[in-house]
Amino acid sequence: RIVRTRGCAGRLSSLRFMRRALPTALIAGGVVVGVLLLRRRLRIHRVHTILRSSHELYQTKQYEEALTAAKHAQTVALTEVGENSSAHLQTTMHLAAVHAAMRQNDLALATLDDCDAIIAARADGQLASIPVLHARAEVHEASRQIARAMHALESAREIRYESLGDNHLDFAFSCFNLAGLLVREASEALIMYDSARAQKLERAISLTLEASSVASKAHAPEEAEGFVLAMLELVVSSDKLADLKEAAPHIAKLREREKNFF
């Protein structure tokens with residue numbers, strides 16, 4: 001009995017110690033986690049500060065200085081925040097934009113490949129790739145690789161259709177982005193048969209009307225009107241399209257839709 005009593009007393013003593021120690025351990029653990037979170041926030045803040053500096057230089061067209069800051073921001077994001085962090089993705093996207101602004105198109109595309117790799121590792125889903133596809137389209141169009149630019153915008157439109165449906169405003173913008181590229185190609189190409197210009201314009205107008213309809217369904221009347229008016233302005237201001245006989249029936253459809261807004 002005495003042994004059992006002493007054993008019981010020992011266990012009670014241990015329990016009392018655990019009760020005292022457990023809150024202390026939890027507090028200590030919480031302090032450690034808090035310190036780690038604070039350090040991470042400080043690293044992210046440092047990245048954003050450098051990135052903001054690069055953005056400001058970019059906006060004032062000081063591209064060499066912007067490029068240096070962009071590379072620094074990306075390095076800090078990679079080494080101090082993490083390879084698959086949103087900060088690393090953000091800085092890599094900005095670096096691609098600076099390369100593109102400097103007409104370093106091959107470097108811009110390679111950097112966008114890096115963005116795709118980060119997105120894939122993060123498993124963010126298809127919609128996360130939309131900004132990369134739009135950036136690719138801009139770089140390809142600047143390089144006069146229209147077919148590749150078209151493919152990027154087609155992919156973005158398809159992803160938005162599958163992910164958001166055909167009544168979402170973002171899908172409407174994807175339709176209009178594609179329409180804009182088609183009409184720019186038809187307007188700017190130095191050598192192209194009139195029938196080919198008319199075909200491209202026909203699809204551009206069809207996509208514009210679709211974008212307008214989707215915007216109306218999405219309760220965005222200003223965008224619904226804006227798509228139509230913007231396309232009309234592009235067509236009317238183009239010498240190669242405004243007086244194109246083959247395009248007249250398609251332009252008439254656009255004019256007809258315009259009447260709905262007045």
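Biologist: Which residue just after H6 takes a positive phi?
Modeller: Gly165 does, with a phi of about 90 degrees. This is a predicted model, in which local features need pLDDT of at least 70, side-chain atom pairs count only at pLDDT 80 or more, and totals for chains, interfaces and linings use all residues. Residues are numbered from 1 along each chain as its sequence is written, and side-chain values use heavy atoms, with hydrogens and water left out.

Biologist: What span is expected of H6, and what does H6 reach?
Modeller: H6 has 19 residues, for which 27 Å is expected at 1.5 Å a residue (1.5 Å times one less than the number of residues). From its first C-alpha to its last H6 reaches 26 Å, close to that value.

Biologist: Which residues of H6 count as buried?
Modeller: Those with under 20% relative accessible area (1.4 Å probe, protein chains only). They are Ile146, Ala149, Met150, Ala152, Leu153, Ser155, Ala156, Arg157, Ile159 and Arg160. These buried residues pack against H5, H7 and helix H8 (194–217), contact being heavy atoms within 4.5 Å.

Biologist: Why are H6 and H7 called roughly antiparallel?
Modeller: The axes of H6 (residues 146–164) and H7 (residues 169–188) cross at roughly 165 degrees and come within 9 Å. Angles run from 0 to 180 degrees between N-to-C directions, and over 145 counts as roughly antiparallel, with 65 to 115 roughly perpendicular, under 35 roughly parallel and the rest oblique. H6 and H7 are therefore roughly antiparallel. The contact includes Leu153 and Arg157 of H6 and Phe171 and Leu178 of H7. By class it has 13 nonpolar, two polar and five charged residues.

Biologist: How do you know how H4 lies relative to H5?
Modeller: The axes of H4 (residues 105–122) and H5 (residues 130–142) cross at roughly 165 degrees and come within 10 Å. That makes H4 roughly antiparallel to H5. In the contact, residues of H4 including Leu109 and Leu112 meet residues of H5 including Val132 and Val139. Its residues are nine nonpolar, two polar and three charged.

Conventions
Helices (H or I, at least four residues) and strands (E, at least two) are DSSP runs, numbered from the N terminus. Ala, Val, Leu, Ile, Met, Phe, Trp, Tyr, Cys and Pro count as nonpolar, Asp, Glu, Lys and Arg as charged, and the others, Gly among them, as polar. Buried means under 20% relative accessible area, exposed over 50%, partly exposed in between (1.4 Å probe, protein chains only).
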